[in-house]
Amino acid sequence: MKVKQLIKKLEKANPEADVILSSDMEGNRFGLANEIEYQNFIRYVNNENEIEICEADDDAEGAKPCVIIWPNM
């Protein structure tokens, strides 16, 4: 999902609602969104089944910008 897609989906939400993140698709753990990082990059490994996060000062060659939302778990 791209940031613009997330923004479009969130436009329909109550702006006063809490943002909750799930730890997995089964909903085994939930936590309030706690922090957002913008200065990271993502590199897809193994045909996009696995990802690698790189910081801006790391070797980010071939990586794409990403946003990380950290839950408070």
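# Pockets, salt bridge and fold of the chain

The lining of the largest pocket draws at least two residues from each of four elements, namely helix H1 (3-10), strand E2 (30-45), strand E3 (50-55) and strand E4 (64-72). The model is predicted, and the values below are computed from its atoms.

**Overall arrangement**

**The largest pocket**

- The space in the largest pocket amounts to about 760 Å³, and 21 residues form the lining around that space.
- Met1, Lys2, Val3, Cys66 and Val67 are the lining residues that lie nearest the centre of the largest pocket.
- Although H1, E2, E3 and E4 each supply at least two residues of this lining, the largest contribution is that of E4, which gives six residues.
- By residue class, the lining of the largest pocket consists of 18 nonpolar residues, one polar residue and two charged residues.

**The second largest pocket**

- About 180 Å³ of space is found in the second largest pocket, whose lining is made of Leu21, Ser22, Ser23, Ile68, Ile69, Trp70 and Pro71.
- Strand E1 (20-22) and E4 each provide at least two residues of this lining, and E4 gives the most, with four residues.
- The lining of the second largest pocket contains five nonpolar and two polar residues, while no charged residue takes part in that lining.
- Strand E4 is therefore the element that gives the most to the lining of the largest pocket and, by the DSSP-based assignment of elements, also to the lining of the second largest pocket.

**The Arg43–Glu52 pair**

- One salt bridge is present in the structure, and Glu52 forms a salt bridge with Arg43, in which the closest N and O atoms are 2.3 Å apart.
- The side chains of Arg43 and Glu52 are also joined by a polar contact of 2.3 Å, and Arg43 belongs to strand E2.
- Arg43 has a relative accessible area of 19% and so counts as buried, because the buried class covers values under 20%.
- Glu52 has a relative accessible area of 36% and is therefore partly exposed, because that class takes in values between the limits of 20% and 50%.

- Leu6 is a residue of helix H1, and H1 is one of the elements that supply at least two residues of the lining of the largest pocket.
- With 31% relative accessibility, Leu6 is partly exposed.
- When residues up to four places away in sequence are not counted, Leu6 touches Met1 and Ile69.
- Of these two partners, Met1 is among the lining residues nearest the centre of the largest pocket, whereas Ile69 is one of the residues that line the second largest pocket.

Note on methods: Residues are numbered from 1 along each chain as its sequence is written. This is a predicted model: local features need pLDDT of at least 70, side-chain atom pairs count only at pLDDT 80 or more; totals for chains, interfaces and linings use all residues. Side-chain values use heavy atoms; hydrogens and water are left out. On a 1 Å grid over the protein atoms alone, a cavity is a set of points where a 1.4 Å probe fits but cannot get out, and a pocket is an open set with protein on both sides within 12 Å along at least five of seven lines; lining residues have an atom within 4 Å of a point. Grid points are joined across faces, edges and corners, and a volume is the space filled by probe spheres set on the points. Ala, Val, Leu, Ile, Met, Phe, Trp, Tyr, Cys and Pro count as nonpolar, Asp, Glu, Lys and Arg as charged, and the others, Gly among them, as polar. A polar contact is a pair of N or O atoms within 3.5 Å; within protein, one must be able to donate a hydrogen and the other to accept it, and residues adjacent in sequence count only if both atoms are side-chain atoms. A salt bridge is a side-chain nitrogen of Lys or Arg within 4 Å of a carboxyl oxygen of Asp or Glu. Buried means under 20% relative accessible area, exposed over 50%, partly exposed in between (1.4 Å probe, protein chains only). Contact means heavy atoms within 4.5 Å.
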